Amino acid sequence: GAGKALLRRLAQRCQDEGLARLEWSVLDWNAPSIAFYDSLGASAQTEWIVRRLTDGPLKALAEG
């Protein structure tokens with residue numbers, strides 16, 4: 001109930017502020033959450049690929 005209540009409130013805020021969409025991330029192995037989001041009518045987006053810098057590569061980029 002808490003997750004649905006949170007998403008409902010966020011959806012209300014989107015409506016109040018005239019926003020066209022609500023987006024979030026979920027790990028591909030988290031089947032229960034994916035099923036929950038599907039039950040709300042959320043659609044998976046395939047246009048974007050998440051990229052991440054950590055540890056050594058992050059430090060190297062920061063140090064130029």
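**Close-up views of a predicted model**

**View 1. Glu63 is an exposed residue, with a relative accessibility of 59%.** The model shown here and in the other views is predicted. The side chain of Glu63 forms a salt bridge with that of Lys59, at an N to O distance of 4.0 Å. Lys59 also counts as exposed, at 52% relative accessibility. Both residues belong to helix H3, which spans residues 55–63; they are 4 residues apart in this helix, so about one helical turn separates them. Side chains of opposite charge can pair when their charged atoms come close.

**View 2. Helix H3 is hardly covered.** Of the 9 residues in H3, the count that are buried is 0. Asp55 is part of this helix and is exposed, with a relative accessibility of 63%. The phi angle of Asp55 is near 50 degrees, which is positive although the residue is not glycine. Most residues other than glycine have a negative phi. Gly64, which follows H3, has a positive phi as well, near 75 degrees.

**View 3. Arg13 and Glu17 are joined by a salt bridge between their side chains.** The N to O distance in this pair is 2.8 Å. A search of the whole structure gives 3 salt bridges.

**View 4. Arg21 pairs with Glu23 in a salt bridge.** The closest N and O atoms of this pair lie 3.0 Å apart. Both Arg21 and Glu23 are exposed. Leu22 is found in the loop between helix H1 (2–16) and helix H2 (31–39). With a relative accessibility of 33%, Leu22 counts as partly exposed.

**View 5. Five residues make a nonpolar surface patch of about 400 Å².** The residues of the patch are Leu6, Leu10, Leu22, Trp24 and Val26.

**View 6. The largest pocket holds about 830 Å³ of space.** Rolling a probe the size of a water molecule over the atoms shows where empty space is left. By class, the lining consists of 12 nonpolar, 3 polar and 6 charged residues.

**View 7. Val50 is located in the loop between H2 and H3.** This residue is exposed, with a relative accessible area of 68%. Its C-alpha atom is separated by 9.6 Å from that of Ser25. Along the chain, Val50 and Ser25 are 25 residues apart.

Notes
Residues are numbered from 1 along each chain as its sequence is written. This is a predicted model: local features need pLDDT of at least 70, side-chain atom pairs count only at pLDDT 80 or more; totals for chains, interfaces and linings use all residues. Side-chain values use heavy atoms; hydrogens and water are left out. On a 1 Å grid over the protein atoms alone, a cavity is a set of points where a 1.4 Å probe fits but cannot get out, and a pocket is an open set with protein on both sides within 12 Å along at least five of seven lines; lining residues have an atom within 4 Å of a point. Grid points are joined across faces, edges and corners, and a volume is the space filled by probe spheres set on the points. Ala, Val, Leu, Ile, Met, Phe, Trp, Tyr, Cys and Pro count as nonpolar, Asp, Glu, Lys and Arg as charged, and the others, Gly among them, as polar. Patches are made of residues with over 30% relative accessible area and no salt bridge: like charges are joined within 9 Å, nonpolar side chains (Val, Leu, Ile, Met, Phe, Trp, Tyr) within 5 Å. Accessible areas come from the Shrake-Rupley method with a 1.4 Å probe; for residues, only the protein chains shown count as cover. Helices (H or I, at least four residues) and strands (E, at least two) are DSSP runs, numbered from the N terminus. Buried means under 20% relative accessible area, exposed over 50%, partly exposed in between (1.4 Å probe, protein chains only).
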